[in-house]
Amino acid sequence: MSRSVLFLFLICSTAAIDIRAEPTDALASQSMERRIRVGELQRRYRLHVPPKLPATEKRALVIVLHGGGGTAIGTERLTRFSELADRAGFIVAYPEGIGKSWNDGRDTTVSKAHRDRIDDVGFIAAIIDAIASDYPIDRKRIYATGISNGAIFSHYLAANLSSRIAAIAPVIGGLADPFHKNFKPEQPVSVLILQGTRDPLVPFDGGEVAWGNRGKIISTAQTVKAWVKHNGCTAPSRSGSLPDKDATDGCTVQSSSWSDCRDGTGVTLYTLEGAGHTWPGGAQYLPERWVGKVCRDIDATEIIWEFFRSHPKR
C-alpha cells in the first residue's frame with residue numbers, strides 16, 4: 001500500500017472508531033456539545049459531566065485532546081474517559097481542533113492549525129474558564145491528556161499554560177521541534193508519558209512525524225530529560241517491569257519514575273516495548289500492519305487518571 005493511500009486511512013481513523021459499537025456510545029450520547037468564541041473563531045468542544053454531581057463539591061477537570069485527523073467524539077469513545085468519569089466523579093472536556101488538528105509547536109504548514117497559527121492554548125484556557133463558570137472546578141486539579149497530535153499539543157499546552165495545568169499525560173506524542181528550543185514553562189508540571197517503541201508515525205527516538213513535511217519531535221529520552229530538568233527532580237529514576245498480563249499482544253511495559261521534584265510534581269515514563277501508534281488498552285482502530293500493535297498489559301485511561309489523581313497542583 002502506498003504512503004498516500006495509507007495516509008488517507010489514517011485521516012479516517014477516527015471515523016473508523018466512530019462507527020464501531022463501543023460500550024461508551026450511551027455515555028457519549030449524554031455528553032453536551034458546546035460552542036465558544038475565541039477571538040474571531042467559533043470553537044467547539046464536548047463536555048461530559050457525571051450525573052448527580054454535587055452542586056458545591058469541587059471536581060477535577062480532565063481535558064482529552066484528539067489526534068491529527070481525529071474528532072472529539074471518536075476520542076471519547078476510544079479512551080472511555082466519560083465512563084471512568086462517572087465512576088470517579090470528575091468532569092471531562094473533549095475539544096475539537098481547527099481542521100482536526102492542533103498547533104503544537106512543530107514547524108509545518110501541512111495542517112490548518114499550524115498554517116494559520118491557531119491559538120489553541122487560548123482555546124483551552126477559554127474552555128477552562130467557561131466550564132469553571134458553570135461547575136465547581138478544582139483549580140488545582142486541571143489536567144490534560146491526548147493522543148498523537150493531541151499528545152504533542154499537551155506538552156506545548158503545559159509549557160505555555162503551566163500556571164493552570166497540574167499534570168499532563170501525552171500518549172504516543174513527544175515534545176515538538178523546534179519548540180523544545182524555547183521550552184521554558186513558568187511552573188513545574190507533573191508529566192506521565194506513554195510511548196510505543198514500534199510506533200510507525202511518531203518515532204520513539206524522535207525525528208520526522210509520519211511523512212509529507214509534518215514536522216519533527218525530539219526523542220522520548222530528550223523529552224523526559226527536559227521535564228525532569230525543568231521540574232527540578234533530584235532523585236534518580238526508579239525503573240521496573242510491569243506484569244505481562246497479555247502474553248499474546250507483543251508488548252511489555254517498562255516504568256521509570258523521577259521524584260523529589262519541585263512543588264510535589266513527578267515525571268513518569270511508560271516505555272511500551274513493541275507497541276505502535278495506539279492507545280494502550282483501547283481499540284485496534286486500524287489494522288496492525290498500518291499502525292502497529294495495541295498494548296494490552298495496561299489500561300492507559302485508568303493509569304492516567306491514577307497519575308492525575310495523585311498529582312494536584314500545590
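Helix H7 (residues 120–134) lies across E1, E2, E3, E4 and E5, and runs at about 120 degrees to E1. The model is a predicted one, in which local features need pLDDT of at least 70, side-chain atom pairs count only at pLDDT 80 or more, and totals for chains, interfaces and linings use all residues. Residues are numbered from 1 along each chain as its sequence is written, and side-chain values use heavy atoms, with hydrogens and water left out.

Helices (H or I, at least four residues) and strands (E, at least two) are DSSP runs numbered from the N terminus. Axes are lines fitted to C-alpha atoms, for helices over the stretch in contact, and angles between N-to-C directions run from 0 to 180 degrees. Contact means heavy atoms within 4.5 Å. Helix H4 (residues 72–79) also packs on the sheet, where it touches E2, E3, E4 and E5; its direction makes about 135 degrees with that of E4.

The sheet in question is open and has ten strands in the order E1-E2-E4-E3-E5-E6-E8-E13-E12-E11, with mixed pairing. Two strands pair if DSSP finds at least two bridges between them. Strands E1 (32–38) and E11 (238–241) stand at the edges with a single partner strand each, so one side of each has no neighbour in the sheet. On average, neighbouring strands of this sheet are turned by 20 degrees against each other, direction ignored.

An open sheet of three strands, with antiparallel pairing, has the order E7-E10-E9. Its edge strands, E7 (176–177) and E9 (207–208), each pair on one side only.

| Strands | Sense | Bridges |
|---|---|---|
| E6 (residues 167–171) and E8 (residues 190–196) | parallel | three bridges |
| E9 and E10 (residues 216–217) | antiparallel | two bridges |

Isoleucine 168 has valine 191 in E8 as its bridge partner, and glutamate 208 stands opposite lysine 216 in E10.

A nonpolar core is a set of buried Ala, Val, Leu, Ile, Met, Phe, Trp, Tyr and Cys residues joined through side-chain atoms within 4.5 Å. Buried means under 20% relative accessible area, exposed over 50%, and partly exposed in between (1.4 Å probe, protein chains only). The largest core has 56 residues, and Leu61, Ile91, Ile124 and Ile131 have the most contacts inside it. H7 supplies the largest share of this core, nine residues. Apart from it lies another core of 35 residues, among them Leu84, Ile147, Ala166 and Cys251.

Threonine 109, in the loop between E4 and helix H6 (112–115), counts as exposed because its relative accessibility is 55%.
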